[in-house]
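I opened a new notebook page for this protein and wrote down what I looked up.

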Amino acid sequence: MDKIAVVPGSFDPITLGHVDIIRRAADVFDIVYVAVLNNSAKNPLFSIDERIALIGEVLKDIPNIRIEASSGLLIDYAREKNAKAIVRGLRAVSDFEYEMQITSMNRVLDENIETFFIMSKNKYSFLSSSIVKEVAKYGGNIGELVPKIVEQALITKFK
């Protein structure tokens, strides 16, 4: 039986921090679904299809990755995929309180799906898609924050 996990996020855009968490999850689980979520509280720069295409290009060397769009409750998506785990990245203590609330709610909805937290590497502890977009918008150097294809996509978006 495959060990299946879901790594959710808006990935608008995917950063090297996201890539690191996904790669590490792919080393532990047999199948990892990267669930690209549409966060209604955010105004995305990239469409769902653009995000899926960028993620697919960035992660094309990882054979046990599946990339899909998802809407609705994450726990329902995980259940639909027969996932036993949701993998979340933690950057700092400030992330923990929010993630704990989400995890607790997910446990109420389905106590059979565990949440695993992977601590980000120190060099990515400050990194977020929002910061990347802000720096890119004003022409700042984002080459060490995102994969090359994402850097080019951001430059194109902000031209």
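How many nonpolar, polar and charged residues are in the lining of the largest cavity? I note before counting that the model is predicted. I counted two nonpolar, three polar and four charged residues in that lining.

**Entry 1: the cavity**

I searched for cavities of 30 Å³ or more and found one. The volume of the largest cavity came out at about 40 Å³. I listed its lining residues as S10, D12, L37, N38, N39, K42, P44, R51 and K133.

**Entry 2: the pocket**

I turned to the largest pocket, which holds about 1100 Å³ of space. I found 41 residues in its lining, and P8, G9, S10, R88 and E99 lie nearest the centre. S10 was already on my page, as one of the residues lining the largest cavity.

**Entry 3: the cores**

I looked up the largest nonpolar core and found 34 residues in it. Those with the most contacts inside this core are F11, I14, I22, L59, I65 and V87. I saw that β1, α1, β2 (31–37), α2 (48–58), β4, α5 and α6 (148–157) each supply at least two of its residues. The most come from α1, which gives five.

I then picked F11 and left out residues up to four places away in sequence. The residues F11 touches are H18, I22, V34, A35, V36, R51 and I55.

I noted a second, separate core of 13 residues, with I4, A35, I75 and I113 among them.

**Entry 4: helix α6**

Which residues of α6 are buried? I found V150, E151, A153 and L154. Seen down the axis of α6, these buried residues fall within an arc of 165°, so they line one face of the helix. I reminded myself that an α-helix has 3.6 residues a turn, so residues three or four places apart point the same way.

I checked what the buried residues of α6 pack against, and wrote down α2 and α5. On the face turned away from the buried side of α6, I found the exposed residues K148 and T156.

Technical notes
Residues numbered from 1 in each chain as written. Predicted model: local features only at pLDDT ≥ 70, side-chain atom pairs only at ≥ 80, totals over all residues. Heavy atoms only, no water. 1 Å grid on protein atoms, 1.4 Å probe; cavity = no way out; pocket = protein on both sides within 12 Å on 5 of 7 lines; lining within 4 Å. Points joined across faces, edges and corners; volume = space filled by probe spheres on them. Nonpolar A, V, L, I, M, F, W, Y, C, P; charged D, E, K, R; others polar. Core = buried A, V, L, I, M, F, W, Y, C linked by side-chain atoms within 4.5 Å. Buried < 20%, exposed > 50% of the residue type's maximum accessible area, 1.4 Å probe, protein only. Helix = DSSP H or I, 4+ residues; strand = E, 2+ residues; numbered from the N terminus. Contact = heavy atoms within 4.5 Å. Arc of directions from axis to C-beta.
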